[in-house]
Amino acid sequence: MLLIRLLFKNAFLRHKLRSVLTVLGVTIAILAFGLLRTVITTWYLGVETSSPTRLVTRNNVSIIFPLPLSYREKIRQVEGVKIVSYGSWFGGVYKDKKNFFANFAVEPRTYLELYPEFIVPPDDKEAFLRDRRGFIAGKKLADRFGWKKGDIVTLEGTIYPGKWDFILRGIYRGRDLNIDETQFFFHWDYLNESVLKSKISLSDQVGFYMIGISSPGISAQVSQEIDAMFKNSAAETITETEKAFVQGFIAMSEAIIVAIQLVSLVVILIIMAVVANTMAMTTRERTGEYSILKTLGFGGGVIALLIMGESLLVTLSGCILGIALTYPIAGAFGTYLGTYFPVFNVENETVLLDFIAAVLVAFAAAVIPVRNALKLRVAEGLRRIG
Amino acid sequence: MPPEQEPIVRIRRVSKSYRSGSRVLPVLEDISIDIGQGEFLALMGPSGSGKSTLLNLIAGIDRTDGGTIEIGGIDITKMSETELAEWRSLHVGFIFQFYNLIPVLTAYENVELPLYLTGLSRMEKSEHVRTALAVVKLKDRMDHYPAQLSGGEQQRVAIARAIVTDPTIIVADEPTGDLDRKSAQDVLDLMGRLNSESRKTIIMVTHDPRAARRARSILYLEKGVLSHAPDQTPF
């Protein structure tokens with residue numbers, strides 16, 4: 001008990017300002033590290049939440065080129081395909097361009113069947129399916145704009161010009177915290193009917209097919225069969241798993257991710273420098289005391305424990321504070337940057353990494369002070385006091 | 001030392017030198033002395049004469065270049081660092097010039113520190129600490145931190161820390177060197193009482209002739225050679 005008391009007093013009572021500043025430094029570093037890690041995990045969230053039994057078929061040239069609706073029946077006939085849905089990126093703007101959110105025209109019945117992670121109350125689902133002008137929105141999106149069921153929401157089309165009125169029929173929730181609740185889905189038929197009237201060349205065209213297959217093991221085979229079917233056609237296809245499709249998008253921003261990862265490592269190095277500096281000053285100042293402890297018969301192990309323990313205590317205090325702050329700040333981030341990060345949740349893995357980083361920093365920062373304290377000869381240390 | 005008395009400290013042909021770059025500086029050469037049980041010995045000599053070095057060697061916090069040091073029949077020059085640390089915790093009480101208390105521990109906790117290495121129960125430790133603080137008349141200041149005590153009181157806490165394990169010998173390096181006259185008197189009285197009433201063997205290094213006169217015998221160390229004080233009984 002006495003040594004534990006000494007450990008705590010050494011860590012927090014000797015130089016209160018220095019202790020507070022060091023803990024604060026670690027807190028800010030852990031907070032920055034946690035937020036950067038959360039940005040990275042958020043970036044990869046689409047990959048994590050993708051289903052291995054869902055395939056995406058798109059135009060082989062580019063996603064911006066459509067595919068004929070007539071492909072649906074042919075795809076449905078491929079062995080192993082259970083369900084085929086389709087949709088188009090609508091790209092509508094609500095009031096102002098800065099109010100960005102994802103909005104898709106989809107075949108609603110099959111789409112909701114393919115995405116059981118979107119939880120729509122049965123009454124809302126029925127109301128949505130019945131109303132061609134109806135749409136469903138994620139809870140976060142509805143909350144963001146204060147939409148209530150029955151509200152008419154107008155989007156300004158960018159790809160499909162004009163003002164488009166939709167009626168909110170339901171609000172979906174994510175099955176878990178990692179499901180994006182900021183999306184807007186409406187009937188593809190509504191889009192197609194309007195396009196038929198105004199821009200006939202874009203009618204009966206879809207942006208992508210979403211395909212449900214019976215098991216993950218047949219994804220390669222089914223993909224090949226689908227693409228082979230449309231080879232040498234006017235609109236050749238490329239079919240891949242949902243995961244590969246999302247990864248393809250992420251790959252475009254790989255350099256940013258790598259930069260963020262590097263910055264998060266630099267943050268760890270900064271914490272190490274801060275704690276190492278504190279521990280170096282601390283042990284230098286206490287050389288005499290370590291000599292006294294050795295004189296009284298305390299072995300190197302106890303001295304090492306005191307130094308390591310102090311480093312660990314200071315670092316973990318900052319780490320715990322940093323983690324405690326990460327949650328509300330990540331929440332605020334999620335609210336203000338919802339446009340870019342529909343989901344911004346601190347993962348358990350991030351918290352674990354925070355702890356691992358803190359422990360590694362604590363040990364690394366204490367290694368040289370411990371070595372110096374252990375090497376110290378008692379008589380020499382006592383002379384320094386005199 | 002009276003001839004019939006068995007020495008508690010037996011030093012034979014001890015030498016010690018320090019290195020300064022490529023130079024070797026001899027500090028002690030061929031030192032041999034016996035110190036009896038219950039002795040109160042003052043070691044005097046000019047600065048750099050090697051008296052603190054000799055004290056450190058006797059206390060097992062420095063190593064000899066040659067010769068043997070037996071304390072209570074055990075040759076400490078043959079011990080490993082770990083054995084020596086354990087031996088010190090059981091057999092040596094230390095009093096330093098600058099008290100060397102841990103500033104963030106109370107008087108009670110400072111005195112308790114050496115007991116951490118013993119197998120005593122919490123109750124026993126408490127009893128020992130209170131007794132030691134009572135001996136130095138600081139029981140009522142046990143919750144005070146060193147900074148809240150005067151120099152004399154801090155040195156008395158250091159003495160309590162030195163005696164709390166009931167060591168075989170007490171070594172004191174200039175114990176009054178940083179004290180005013182009154183506090184120095186109190187500390188010397190206390191050391192005198194420990195020697196006369198509790199039969200503690202005390203070896204004290206001092207520059208101060210008044211402090212040295214409180215000892216039962218005085219040895220002079222000059223240029224690494226020991227000699228007896230003219231008015232003291234030779235060994």
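In the predicted model, chain B contains an open sheet built from four strands, arranged in the order E2-E1-E4-E5 with antiparallel pairing. One residue pair can be named here: B:Val9 has B:Ile71, in E4(B), as its bridge partner.

Chain B also touches chain A, through a contact to which chain B and chain A contribute 21 residues each. On the side of chain B that touches chain A, the elements giving two or more residues are helix H2 (81-91) and helix H3 (107-112) of chain B. H2(B) supplies the largest share of that side, namely five residues. Sorted by class, the side of chain B that touches chain A comprises eleven nonpolar residues, together with five polar and five charged ones.

Chain A is divided by the domain assignment into domain 1 (2-45 + 254-385) and domain 2 (61-235). The centres of domain 1 and domain 2 of chain A, taken over C-alpha atoms, are separated by 48 Å. Contact between the domains of chain A involves six residues of domain 1 and seven residues of domain 2. The side of domain 1 of chain A that touches domain 2 of chain A consists of three nonpolar and three polar residues, with no charged residue.

A helix pair was also examined in chain A. The axes of helix H11 (residues 254-285) and helix H14 (residues 348-375) of chain A come within 9 Å of each other and cross at roughly 30°. Because angles under 35 degrees count as roughly parallel, H11(A) is roughly parallel to H14(A). The crossing of H11(A) with H14(A) is right-handed. On H11(A), the contact is made by A:Ile268, A:Ile271, A:Met272, A:Val275, A:Ala276, A:Met279, A:Ala280 and A:Thr283. The residues contributed by H14(A) are A:Ala357, A:Val361, A:Ala362, A:Ala364, A:Ala365, A:Ala366, A:Pro369, A:Asn372 and A:Ala373. In the contact of H11(A) with H14(A), 15 residues are nonpolar and two are polar, while no charged residue takes part.

Key: Residues numbered from 1 in each chain as written. Chains lettered and ligands numbered in written order. Predicted model: local features only at pLDDT ≥ 70, side-chain atom pairs only at ≥ 80, totals over all residues. Contact = placed C-beta atoms within 7 Å. Nonpolar A, V, L, I, M, F, W, Y, C, P; charged D, E, K, R; others polar. Pairing = 2+ DSSP bridges. Domains from an automatic or database assignment. Axes fitted to C-alpha atoms, helices over the stretch in contact; angles between N-to-C directions. Parallel < 35°, antiparallel > 145°, perpendicular 65-115°, else oblique. Left-handed = near helix turned anticlockwise from the far one by under 90°.
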